Amino acid sequence: MTTADSATAQAFANSWNNLPPGSVYTPSQFIDWMQPLQQSDFDGKEVLELGCGNGSLLVHSCHWQPGRIVGVDLGASVQTARRNVGDFPFAEIVQADLVEFASEGFDLVYCIGVLHHLKDPVAGFASVVRNTRPGGRFHCWVYAREGNAIVIALVEPIRKIASRLPWWITKYLIATPLVAPYFVYAKLLRALHRLFPEQAPRWFSWAPLREYSLWIAERSFSFFRHVAFDQLVTPQTTYLSRTQIEQWLSSRADIEAGSSYIIFRNGNSWKFGARRATSNSGQPT
Ligand SMILES: C[S@@+](CC[C@H](N)C(=O)[O-])C[C@H]1O[C@@H](n2cnc3c(N)ncnc32)[C@H](O)[C@@H]1O
């Protein structure tokens, strides 16, 4: 099947199919991505992940004991996703375009790090809501326009070239040397915040990507490189503003009034979600 996002999905498969087995995320990273969702939102529930990559989030979701969990991805990363969730009989992986994916509706739908890579992010968001059963919840995470000025200025021009090259050139000859100085910067920033916990937030309030760097500095170089490669390998990235997300959430008649949230995460991304209305007051606009 060839769709608008086929090239993006294939690029990501080159990233996700060349990782060690298991999840690339730690349990605390998973919890952080999912908040305000908690284990009780998964426990015994029917859960759907749209754009599941190699199943790195699914592996953690499975430990929260859903009754059934389905991961959807358009790319060949479904092969590694199937292996990574192989121990969980209630987990299923489907290779499909999430924009067109149709189901009876899940108690919980989440979509992490995907909408900003779609040719049509609004159509992707419509699918998230459509696949949430009335009364169920959805939760998304996207790159923010806010807080990413340096990434948009420096990384985006490189991505536009790197995403056209063979993946191994992008990974080993571009992402690896480029991420090395950022790795040193983030680790140094974290060390200074540990040494001077009172003063450092004030001293370094100006530092580019401060919050994000403190978050990622918990991890080793291979995770830094994975993130850098993931950013550079994709042919399609959109940085979304809070205003755009507010508009997405407010323009639909099938979202329960007062249930939505938008959370600024690590100073450069948005988590947002809501509950789907039980009775539809009209067609989504
Ligand atoms: C950055 S990865 C995120 C993977 C996973 N959610 C995570 O956080 O680990 C984006 C994923 O979205 C998938 N994707 C992109 N466009 C898609 C589409 N139209 N339908 C289904 N999957 C898509 C890609 O193949 C890729 O695996």
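# Fold, domains and ligand shell

Biologist: How many helices and strands does the protein have?

Modeller: This is a predicted model, in which local features need pLDDT of at least 70, side-chain atom pairs count only at pLDDT 80 or more, and totals for chains, interfaces and linings use all residues. Residues are numbered from 1 along each chain as its sequence is written. Helices (H or I, at least four residues) and strands (E, at least two) are DSSP runs, numbered from the N terminus. The secondary structure comes to 11 helices and seven strands.

Biologist: What radius of gyration makes the protein as compact as a globular protein of that length?

Modeller: The radius is taken over C-alpha atoms, and the globule rule is 2.2 Å times the number of residues to the power 0.38. For 285 residues the rule gives 19 Å, and the model is close to that, so it is as compact as a globular protein of that length. The radius of gyration is 19 Å.

Biologist: What percentage of the residues is buried?

Modeller: A residue is buried if 20 or more other C-beta atoms, placed from the backbone, lie within 10 Å of its own; it is exposed at 12 or fewer and partly exposed in between. The protein has 285 residues. The buried share is 39%.

Biologist: How far apart are the centres of domain 1 and domain 2?

Modeller: The bounds come from an automatic or database domain assignment. Domain 1 covers 6–145 + 239–275, and domain 2 covers 149–233. Taken over C-alpha atoms, their centres are separated by 24 Å.

Biologist: How many residues does each domain give to the contact?

Modeller: Two residues are in contact if their C-beta atoms, placed from the backbone, lie within 7 Å. The side of domain 1 that touches domain 2 has five nonpolar, five polar and no charged residues. Here Ala, Val, Leu, Ile, Met, Phe, Trp, Tyr, Cys and Pro count as nonpolar, Asp, Glu, Lys and Arg as charged, and the others, Gly among them, as polar. The contact takes 10 residues from domain 1 and, from domain 2, 13 residues.

Biologist: Which element gives the largest share of the shell around the ligand?

Modeller: Of the 24 residues around the ligand, D5, A9, G51, G53 and G75 come nearest. Two or more shell residues each come from α1 (6–16), α3 (56–63) and β2 (68–73). The largest share, four residues, comes from α1.

Biologist: Is N268 buried or exposed?

Modeller: N268 lies in the loop between β6 (261–265) and β7 (269–275). Leaving out residues up to four places away in sequence, N268 touches A144, G147, N148, L209 and Y212. With 23 other C-beta atoms within 10 Å, N268 is buried.

Biologist: How far apart in space are W248 and V122?

Modeller: W248 sits in helix α11 (residues 242–250). W248 is buried, with 22 other C-beta atoms within 10 Å. Its contacts, leaving aside neighbours within four places in sequence, are V122 and F125. W248 and V122 are 126 residues apart in sequence, yet C-alpha to C-alpha they are separated by 7.5 Å.

Note on methods
Near = placed C-beta within 6 Å.
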